[in-house]
Amino acid sequence: MTDHDRQPSTAVPPRLLIEKSHTSEIATAQRLAMNRTGSFEWDLDAQTLDIDEAGLLVFGLDPMTFDSRPKTLVARLEPAERARLHMAIDEAIKGGRTSYSVHIRVPLDDGATQWTHIQARILRSDDGRAHRVIGVVRDATAEVTHSAFVLDLEKRRQRQTSIVERTTSALSRAVTVDDVTAALTGPGGLARLGADGLSLGLIENTTLNVIALSGDPLEAIDELGSAGLDRRYPLADTILSGRPRFITSVAELIDRYPVLAPCAERLEFRAAAYLPLVAQARSLGTLALFYRESTAFNADERNLCLGLAAIVAQSLQRATLFDEEREFATGLQSAMLPRRIQEIEGGEIAVRYHAAWSGRQVGGDWYDVIPLPMDRFGIVVGDVQGHDTHAAAIMGQLRIALRAYAGEGHAPSTVLARASRFLAELDTDRFATCTYAQVDLASGTVRVVRAGHFGPLIRHVDGRVGSPQVRGGLPLGISTDFGDEEFPETRLDLVPGETIVLYTDGLVEEPGVDVDTGVQALINEVGTGPAGAQALADHLSDRLWERWGSGDDVALLVLRRSPDPGSPRAPRLHQYVHQADPEGLSDARIIVRQALTDWDMAEFADDAELVTGELLVNVLLHTEGGAVLTLEVLPEPVRRVRLSVQDRSSAWPRRRTPGETATSGRGLLLLDAVAARWGIEPRGEGKAVWCEIGPPAPPTPPPPPAEQV
């Protein structure tokens, strides 16, 4: 109800005659009018309001003093309510509507507030102008209060349902006990629980171990972190009694547990719920929830807390069982792997093993380093089919068998053939893949065989990573079943400073991604990682195993031949050029030129680069293997460059006299023209062609004349 632009009429409608001495009865009459309905008629032209006695009592007005002016009634309202009423009426009148309905709050004389419902009809003239409003007013406090109560109840129930659903969802993904604590204390953990702090304690033998803290709980005090089951403290008391404790104030907490009195000033919460964690009649520990705002813990709130405790208890029981199974499985698996790797002379070796996180679903991956006669040793990485304890058991037997065959001194191909036969005779449906190599670090010779497994990677001294073409046979077990126990041997040459990497598929396989992508990622990491074997193994484990995830076991073996840098005055480098590497020859020439520049011998770079190309081309064209290039400085008696190319061919080059149209046969003539000295010498199974480039040796001084007798 509002004023119009016209001035109000001076006419006053008839009123009830009520003496002022009766004002004390108005409040009583007002209360009697509760839930009653009054009517009114508002003349918009005359700006008068005719409202019956019941309507006046609904508004808390004295019928004797009411002056029939709308202003008088509206003046009782708070400004915000008055504005809301004006807006509802103006929108209805100016919008051409025929009615309006609005709830407003009306202050009463006794200080209470009453909800009043106004429902009115707008009467208009033929031209559409509003000239009169008639309607009813009634006390709607009871229904609005009930509606507000229902809405608040529904809101609280939705909040409780949300807490339960979010907590259940978060804990459903928890696998280990650490996962459970992370879900409770990590980002959003307290918000999911609807608490301001928590403390989680588990029973371990006769000790209470607090494993999770978040917010500002009581147990954040250092001396309460881990202790025996002492009933003087709330966590232990809840476990021993098996009953929840709902604390509504700090005073109540201190009264129940006086030992905490010295800590009272440090507490920032006002209420706490200590809840026993019980699953399948077994007490697991206690969950304490803390709240900064006071709460009386009504029935719904207590049921919510108990429900959360049940969810946490079930998750902890499941996680504890998983951790126990995991510990058993990994213990079985680790017992079948070598306890220690012996140190090797002339190199550094590192092994890493990561187990997949899936309960007893462990794999059959393994690694081994096997001592062999004549200062050699064998290295092997393999994988038995399957992810269970049966695969781990087969792995243990196969590892021991392969180790025994290798230790007998058999050739690598024979070792795998016998291992395949052994696996087939176990009468199991499992097969295995592996890569095995015999290594002689004194010469750098590596003899590799593989059975359905990834070949090795070679990291060269300059950081390039090669994937040599290692011929392979069928997986162990299958090869025997098919009558094909052929495992071709491939010889590699590991020069000083180079590294060989063996691995299982867990290091390169990512779900939903082609395995070539994983292999390329491994090659990139090997090339950019640190040089040392231990450091490189850690680098690969951190970058790749965590990248792909923990869905599969990983076995990794890294072997580095000790570098041979020479001395500051006589530096040295080695480079292996693989026959199947089209860029190897070009890279070798670049390396030679760069090395001589770094050694302040750039004046010999052109000749050295020319000789390097000639000697390497001769090896790559006329032999069936690669070549090892060695470049060093000879400081005495005169500083020269010594360049050597070693191959595995026993055929020595022959000096020829090429014709004018010949396309070959000039290599040794070139050596004669460029080198100060050159020669050929046997090297193990092959030979080495060497030359020295630099100034000629100083003339030998004549012997002093003999003394005259």
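Residues are numbered from 1 along each chain as its sequence is written, and side-chain values use heavy atoms, with hydrogens and water left out. Because the model is predicted, local features need pLDDT of at least 70 and side-chain atom pairs count only at pLDDT 80 or more, whereas totals for chains, interfaces and linings use all residues.

The secondary structure of the chain comprises 18 helices and 26 strands (DSSP runs numbered from the N terminus, helices being H or I of at least four residues and strands E of at least two). Of the 709 residues in the chain, 46% are buried (under 20% relative accessible area, with exposed meaning over 50% and partly exposed in between, for a 1.4 Å probe and protein chains only). The accessible surface of the chain is about 35,200 Å², and carbon and sulfur atoms account for 50% of this surface (Shrake-Rupley method, 1.4 Å probe; for residues, only the protein chains shown count as cover). Among contacts (heavy atoms within 4.5 Å) between residues at least 6 apart in sequence, 63% join residues at least 24 apart.

Strand 16 (residues 445-451) has five of its seven residues buried. Seven bridges pair strand 16 with strand 15 (residues 432-440) in the antiparallel sense (two strands pair if DSSP finds at least two bridges between them). Four residues separate strands 15 and 16 in a hairpin, and glycine 444 in the turn has a positive phi of about 85°. Strand 16 also runs antiparallel to strand 19 (residues 490-493), to which four bridges join it. Arginine 447 is the bridge partner of glutamine 438 and also of arginine 491 in strand 19.

The largest nonpolar core has 48 residues, and those touching the most other members are Ile379, Leu402, Leu416, Tyr436, Leu476, Leu557 and Leu559 (a nonpolar core is a set of buried Ala, Val, Leu, Ile, Met, Phe, Trp, Tyr and Cys residues joined through side-chain atoms within 4.5 Å). Helix 11 (residues 389-407) gives the most to this core, with eight residues. Another core, of 35 residues, lies apart from it and has Ala170, Leu198, Tyr291 and Val312 among its members.

The whole structure contains 30 salt bridges (a side-chain nitrogen of Lys or Arg within 4 Å of a carboxyl oxygen of Asp or Glu). One of these joins aspartate 368 and arginine 403, at 2.7 Å from N to O. Aspartate 368 lies in strand 13 (residues 364-372) and arginine 403 in helix 11, 35 residues apart. Aspartate 368 is buried at a relative accessible area of 0%, whereas arginine 403 is partly exposed at 31%.

Strand 22 (residues 572-577) is largely enclosed by the rest of the structure, because five of its six residues are buried. Strand 22 pairs with strand 23 (residues 627-634) in the antiparallel sense over six bridges, and arginine 572 stands opposite glutamate 632. The side chains of these two residues also form a salt bridge, with the closest N and O atoms 2.9 Å apart. Glutamate 632 is in strand 23 and arginine 572 in strand 22, so the pair ties together parts that are 60 residues apart in sequence. Glutamate 632 is buried, with a relative accessible area of 14%, and arginine 572 is partly exposed, at 26%. Through shared partners, salt bridges join Asp564, Arg572, Glu632, Arg640, Arg642, Arg677 and Glu692 into one network.
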